[in-house]
Amino acid sequence: MTFDLEYNSERTLMIIPEYGRHIQKLVNHCVALESKEERNTMAKAIVDVMGNLQPHLRDVPDFKHKLWDQLFIMSDFKLDADSPYPQPSREELQEKPEPLAYPRAASKYRYYGKNIQTMINVALSWEEGIMKEALVFTIANHMKKCYLNWNKDTVDDLVIFNHLYDLSDGKIDLRKSDEELSESKNLLRKRSSQGQNKSNHKKSHHNNKGRKRY
């Protein structure tokens with residue numbers, strides 16, 4: 001007795017392999033039907049089967065539209081059947097997306113992060129007064145903490161004030177201020193204590209998972 005084995009390497013390439021070769025064969029058979037009425041009936045049945053095979057698509061908005069589009073794609077756009085949605089074209093599928101422009105507003109002080117510029121802009125929009133002054137020094141302290149996270153050493157307050165002056169286009173000037181920012185050791189201590197708290201929390205959670213409840 002001999003068996004004729006069919007290897008995948010010898011089979012035709014599946015356009016959308018997620019649905020399997022049997023669905024592809026059904027689509028090919030649907031394309032070959034002579035009666036349009038029969039093609040319409042079989043196309044609807046294939047879409048229903050595709051929906052059952054990909055249940056996660058039910059959470060996608062307008063998932064039926066997606067299934068019909070995939071049906072025409074699997075038919076290599078040869079299926080002549082009535083669809084409740086506009087039929088996709090080969091040109092639309094092969095159309096290249098518009099290239100995305102790289103952001104050019106990136107700060108040269110990247111270790112402060114992108115949000116620091118937003119915070120500075122908010123401070124600039126406030127009226128002069130105690131609240132704005134408090135916000136400005138809060139921003140400066142946050143910048144110092146970010147700098148220490150990057151440098152892991154120490155930093156003079158004047159360096160932070162110069163950077164703040166630069167990022168605010170000269171509108172926030174603390175370079176001659178008598179106020180001092182938080183000491184580096186205090187900021188570093190806060191960072192290390194936060195890390196220890198997270199580590200202890202993970203250990204406690206792991207230990208609690210191992211305990212038996214009676």
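**View A. M14 and the residues it touches.** Setting aside neighbours within four places in sequence, M14 makes contact with G20, R21 and Q24. This is a predicted model, so keep that in mind for every view here. M14 itself is in the segment before helix 1, which spans 20-32. Look also for K25: its C-alpha is 9.5 Å from that of M14, and the two residues are 11 apart in sequence.

**View B. The whole chain, for orientation.** Eight helices and zero strands make up the secondary structure of the protein. Read from the N terminus, the elements go α-α-α-α-α-α-α-α. Of the 214 residues in the protein, 28% are buried. The protein exposes about 16,400 Å², and 51% of that comes from carbon and sulfur atoms. As for contacts between residues at least 6 apart in sequence, 51% of them join residues at least 24 apart.

**View C. An edge-to-face tyrosine pair, Y111 with Y147.** The structure has five aromatic pairs. One of them is Y111 with Y147, an edge-to-face pair with 5.4 Å between ring centres and 90° between the planes. Y111 lies in the loop between helix 4 (90-94) and helix 5, while Y147 belongs to helix 6, so the pair ties together parts that are 36 residues apart in sequence. How accessible are the two partners? Y111 has 22% relative accessibility and counts as partly exposed, whereas Y147, at 13%, counts as buried because the cut-off for buried is under 20%.

**View E. An arginine over a tyrosine ring.** Here the charged end of R175 sits over the ring of Y165. The distance to the ring centre is 3.8 Å.

View F. V122, W126 and M131 together make a nonpolar surface patch of about 300 Å². To find W126, go to the loop between helix 5 (115-125) and helix 6 (130-151). Is W126 buried, exposed or partly exposed? Its relative accessibility is 37%, so W126 counts as partly exposed.

Note on methods: Residues are numbered from 1 along each chain as its sequence is written. This is a predicted model: local features need pLDDT of at least 70, side-chain atom pairs count only at pLDDT 80 or more; totals for chains, interfaces and linings use all residues. Side-chain values use heavy atoms; hydrogens and water are left out. Patches are made of residues with over 30% relative accessible area and no salt bridge: like charges are joined within 9 Å, nonpolar side chains (Val, Leu, Ile, Met, Phe, Trp, Tyr) within 5 Å. Accessible areas come from the Shrake-Rupley method with a 1.4 Å probe; for residues, only the protein chains shown count as cover. A salt bridge is a side-chain nitrogen of Lys or Arg within 4 Å of a carboxyl oxygen of Asp or Glu. Helices (H or I, at least four residues) and strands (E, at least two) are DSSP runs, numbered from the N terminus. Buried means under 20% relative accessible area, exposed over 50%, partly exposed in between (1.4 Å probe, protein chains only). Rings of Phe, Tyr and Trp (its six-membered ring) pair if their centres lie within 6.5 Å; planes under 30 degrees apart count as stacked, over 60 as edge-to-face and the rest as tilted. A charge sits over a ring if NZ of Lys or CZ of Arg is within 6 Å of the ring centre and within 35 degrees of the ring normal. Contact means heavy atoms within 4.5 Å.
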